[in-house]
Amino acid sequence: MVTTRYGGNSAPFNDEYLNKLYSANYSDVKVDQLTKGRVPTGTTINPSGSFHLKDGRDALAVTVSTVWKHGAIHRIYFSQAAFSSKELLASTIAHEIGHVVLGNSRLLSEAIISSGRFDSEAHRAIYKMQNELQNLNKWGNILNFKPIEFRYMDLVEDAFFSPLKFLIRPIKIH
Ligand SMILES: [Zn+2]
């Protein structure tokens, strides 16, 4: 996701706050590690504090999933820019957990990952989920978050969006 500037209350830039926010809201989705600041291999840091990925995209956070015989290990790395506000951090956690949920969905991974459409379709559905999460929590005036994919919201496939609906919930911000 592309990031510019955000309002709201800045979040403490540490793993403790990050994990507290995750535990209070999304602990029903298992993530093996959530960590701030550390940079996944091949990633650099933009002047704004967001990540610049190997493939040229900018992101507030990155989920790295390692698939093993008996399941996957998910690690989420958060850039400093994701801590611009507590609301943005919560929304970013939901975004990355969306990747974890879709990554865990065997139906999607078998049917669609191989088709090469997975990333763009997954992102459309994740942005739609994030948009509804932000509306539900009335963050619209706090987060100036309008990814380009919003234009294509009507085209989001239910196969991707349905598994993400349960992530749209009232968020507890401490
Ligand atoms: Zn993403």
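**Close-up views of a predicted protein model**

**View 1. Helix 2 from end to end.** Helices (H or I, at least four residues) and strands (E, at least two) are DSSP runs, numbered from the N terminus. Helix 2 is mostly covered, with 17 of its 19 residues buried. A residue is called buried if 20 or more other C-beta atoms lie within 10 Å of its own, exposed if 12 or fewer do, and partly exposed in between, with C-beta atoms placed from the backbone.

A word on the model before we move on: it is predicted, so local features need pLDDT of at least 70 and side-chain atom pairs count only at pLDDT 80 or more, while totals for chains, interfaces and linings use all residues. Residues are numbered from 1 along each chain as its sequence is written.

**View 2. The whole chain.** Here you can follow 5 helices and 6 strands, arranged along the sequence as α-β-β-β-β-β-β-α-α-α-α. Of the 174 residues in the protein chain, 33% are buried.

**View 3. The largest nonpolar core.** This core holds 35 residues, and those with the most contacts inside it are Ala82, Leu89, Ile93 and Ala94. At least two core residues come from each of helix 1 (15-26), strand 6 (71-78), helix 2 and helix 4. Helix 2 gives the largest share, 9 residues. A nonpolar core is a set of buried Ala, Val, Leu, Ile, Met, Phe, Trp, Tyr and Cys residues joined through C-beta atoms within 7 Å.

**View 4. Around Ala82.** Setting aside neighbours within four places in sequence, Ala82 is in contact with Leu60, Ala61, Leu88, Leu89 and Thr92. Contact means that the C-beta atoms of two residues, placed from the backbone, lie within 7 Å.

View 5. The 3 strands form an open, antiparallel sheet in the order 2-3-4. Strand 2 (44-45) and strand 4 (58-59) are the edges, each pairing on one side only. Strands pair if DSSP finds at least two bridges between them; strand 2 and strand 3 (residues 51-52) are joined by 2. Look for Thr44, whose bridge partner in strand 3 is His52.

**View 6. The loop at Lys138.** Lys138 lies between helix 4 (118-136) and helix 5 (158-161). Lys138 is not a glycine, yet its phi is positive, about 55°. Most residues other than glycine have a negative phi. Lys138 is exposed, with 9 other C-beta atoms within 10 Å.
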